[in-house]
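Trainee: I have a structure to go through with you. Could we take it one region at a time?
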Amino acid sequence: MGAPRLQGVRAVVTGASRGVGRAVAERFVAEGAHVVVTARAEHRLESFLRDARGPGARPAAMALELGEPHSVAAAARAAVLELGRVDVLVNNAGVLGSRLPLEDVPDGELEAVVAANLVGTLRFTQAILPAMSDGAAIINVSSGAAGRAGWAGYGITKAAMDAATRMLREELAPRGIRCVALNPGGTRTAMRAAAYPSEDPATVPHPRSVVGPFVAIAEGADPGWHVEAREWTP
Ligand SMILES: NC(=O)c1ccc[n+]([C@@H]2O[C@H](COP(=O)([O-])OP(=O)(O)OC[C@H]3O[C@@H](n4cnc5c(N)ncnc54)[C@H](OP(=O)(O)O)[C@@H]3O)[C@@H](O)[C@H]2O)c1
């Protein structure tokens, strides 16, 4: 690897215990960023903390349950205390729920998925915003399933977060804060395996293959409000 691209950058990556979030956070650390990572329990991040290597400050782990307002507030406070300011927020954590049409979704599931993927993610963003630097970036991890039939709460929350990205992009333009919805596309993770149980995971790209646009945006690129990782050209 050449010179670190994110030296001095302070970043928060949610849902970094595995999958896309972990690959993004590992690469951010490798590029010299000071990174706070979250998962529902800090112990889920132990292997990340053990394996992450980079020339910058040591990463820190925070517990965050997006469905719990107190946890959201406490994790945001702790992240800001650790970093001092936030240059990049990657809202990656999310839950899938059932792949069903709305009329078949079990009682309580819609509420839980909306609480984590939409309300919790927006409340976390709101709590981090005062600490965000001018010119910072918010990357909301989107999905091709946004608004897609048969994806119930998940698809609804992803479509709503796409709308929130456009809204925030306009609201935060005076501070030069770039808000981008980034769709990683089909990626070999636990969530993908749950969504496509009969698929051979070996046929799906590894999470490390989608980190390019995350790094470029963290570095200062602005691809517009929405970008597909598969179509990204550096
Ligand atoms: N994989 C794909 O093909 C694909 C395609 C399009 C979009 N995406 C999006 O990419 C993002 C990452 O997905 P992934 O495939 O990497 O999923 P994943 O492997 O299931 O990882 C999800 C991450 O989110 C965390 N998380 C789950 N529920 C949470 C909650 N209630 N509060 C806080 N953290 C929570 C998990 O932490 P714990 O350790 O606490 O469980 C984990 O670190 C998601 O936003 C997903 O919608 C994925």
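Trainee: Which side chain does the side chain of S143 join in a polar contact of 3.5 Å?
Mentor: The side chain of Y154 is the partner in that contact. A polar contact is a pair of N or O atoms within 3.5 Å; within protein, one must be able to donate a hydrogen and the other to accept it, and residues adjacent in sequence count only if both atoms are side-chain atoms. Please note that this is a predicted model, where local features need pLDDT of at least 70 and side-chain atom pairs count only at pLDDT 80 or more, while totals for chains, interfaces and linings use all residues. Residues are numbered from 1 along each chain as its sequence is written, and side-chain values use heavy atoms, with hydrogens and water left out.

Trainee: Which backbone nitrogen does the S143 side chain reach?
Mentor: That of A145, at 2.9 Å.

Trainee: Where does S143 lie, and is it buried or exposed?
Mentor: S143 lies in the loop between β5 and α5. Its relative accessibility is 14%, so it counts as buried (buried means under 20% relative accessible area, exposed over 50%, partly exposed in between, with a 1.4 Å probe and protein chains only).

Trainee: Which residues does S143 touch?
Mentor: Leaving out residues up to four places away in sequence, S143 touches Y154, K158 and N183; contact means heavy atoms within 4.5 Å.

Trainee: N183 is in β6, then. How many residues of β6 are buried?
Mentor: Six of the six are buried, so β6 is largely enclosed by the rest of the structure. On one side are R178, V180 and L182, and on the other C179, A181 and N183. Helices (H or I, at least four residues) and strands (E, at least two) are DSSP runs, numbered from the N terminus.

Trainee: How many bridges join β5 to β6?
Mentor: Five, and the two strands run parallel. V141 has L182 as its bridge partner in β6. Two strands pair if DSSP finds at least two bridges between them.

Trainee: What is the strand order in the whole sheet?
Mentor: The open sheet has seven strands in the order β3-β2-β1-β4-β5-β6-β7, with parallel pairing. β3 (60–63) and β7 (226–228) are at the edges with a single partner strand each, so one side of each has no neighbour in the sheet. The twist averages 20 degrees from one strand to the next.

Trainee: Which strands does α4 touch?
Mentor: α4 packs on the sheet against β1 (10–13), β4 (86–91) and β5 (132–141), and its direction makes about 180 degrees with that of β4. Axes are lines fitted to C-alpha atoms, for helices over the stretch in contact, and angles run from 0 to 180 degrees between N-to-C directions. Helix α5 (residues 152–171) touches β5 and β6 (178–183).

Trainee: At what angle do α3 and α4 pack?
Mentor: The angle is about 35 degrees, and the axes are 9 Å apart.
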